[in-house]
Amino acid sequence: MIGIIIAMHEEAEIFIKKIKNKQYKLIKKKKIIFGYINKKKIVLIKSGIGKVFSSIATILLIQNFKINYIINIGTSGSLKKKISYQDIIIANKIRYHDVNITTFGYKLGQIPKTPKYYKTKIPTINKIKKINKYYKYNTYIGELISGDKFINKHQKIKKNFPKAISVDMESAAIAQTCFIFNTPLTCIKIISDKSNKTSKKDFYKNIYKTSIKINKILHWII
């Protein structure tokens, strides 16, 4: 079974409509949706925004269903000039940008007793090629950073994490939870904004297009 975590209803609504033999289950006040996509059994949870909600959602999936691997998909902000609206980010590593325990010898963004960053499961080259063939937008593979803040000023983050290509509010917490439970994670993000002063406006402007793209990408990845 494939677990899917999406933060917001607006990001998930088109994909949810496409799930076959749809059923619902309420666990700890969270509505779980399960059914089939491409004849494969999936279970989806809308986590809510931020690290705590996304950690809870990940635990609920892992502890209540026989999950083979998890896909986290949704929106993120660009941290590179060349990466623009609706471009696709595939994370190969994920870390926090709002964790700092360097005083005790840890790397910036590192939680004690965990790695410097969390490695992810990257989709096969053929699946990535399918995505690139359909869309005129670019696909980038790289480092994703995450924290409990919607970013509209990225200068400090870019200085601290110069290799990071995108930023969101859920992925690192999901990655840490998957690491603890030894569950593979694939993380895919669509750029909704450029992490600058127009980020809020750009996010709402792009959310519907993002939802369409999430639906298509999940069909190809699953």
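A pocket is here an open set of grid points, at which a 1.4 Å probe fits, with protein on both sides within 12 Å along at least five of seven lines. In this predicted model, the largest pocket has a volume of about 350 Å³. Its lining is formed by 25 residues, of which Met-8, Thr-75, Phe-150, Met-169 and Phe-203 lie closest to the centre of the pocket. At least two lining residues are supplied by each of strand E5 (69-78), strand E9 (164-168), strand E10 (185-193) and helix H6 (199-221), and the largest share, six residues, comes from E5. When the lining of this pocket is divided by class, 11 residues are nonpolar, seven are polar and seven are charged.

The second largest pocket holds about 260 Å³ of space. Among the 13 residues that line the second largest pocket, those closest to its centre are His-97, Lys-149, Lys-156, Ile-157 and Asn-160, and its lining comprises five nonpolar, four polar and four charged residues.

Strand E5, which contributes to the largest pocket, is also joined to strand E1 by four bridges, and the two strands run parallel; in this pairing, Gly-3 stands opposite Ile-70 of E5. E1 also pairs in the parallel sense with strand E4 (residues 40-46), over five bridges, and the bridge partner of Ile-2 in E4 is Ile-42. Because five of the five residues of E1 (residues 2-6) are buried, this strand is largely enclosed by the rest of the structure. In a regular strand, side chains alternate between the two faces of the sheet. Both faces of E1 are covered, with Ile-2, Ile-4 and Ile-6 buried on one side and Gly-3 and Ile-5 buried on the other.

Methods:
Residues are numbered from 1 along each chain as its sequence is written. This is a predicted model: local features need pLDDT of at least 70, side-chain atom pairs count only at pLDDT 80 or more; totals for chains, interfaces and linings use all residues. Side-chain values use heavy atoms; hydrogens and water are left out. On a 1 Å grid over the protein atoms alone, a cavity is a set of points where a 1.4 Å probe fits but cannot get out, and a pocket is an open set with protein on both sides within 12 Å along at least five of seven lines; lining residues have an atom within 4 Å of a point. Grid points are joined across faces, edges and corners, and a volume is the space filled by probe spheres set on the points. Ala, Val, Leu, Ile, Met, Phe, Trp, Tyr, Cys and Pro count as nonpolar, Asp, Glu, Lys and Arg as charged, and the others, Gly among them, as polar. Buried means under 20% relative accessible area, exposed over 50%, partly exposed in between (1.4 Å probe, protein chains only). Two strands pair if DSSP finds at least two bridges between them.
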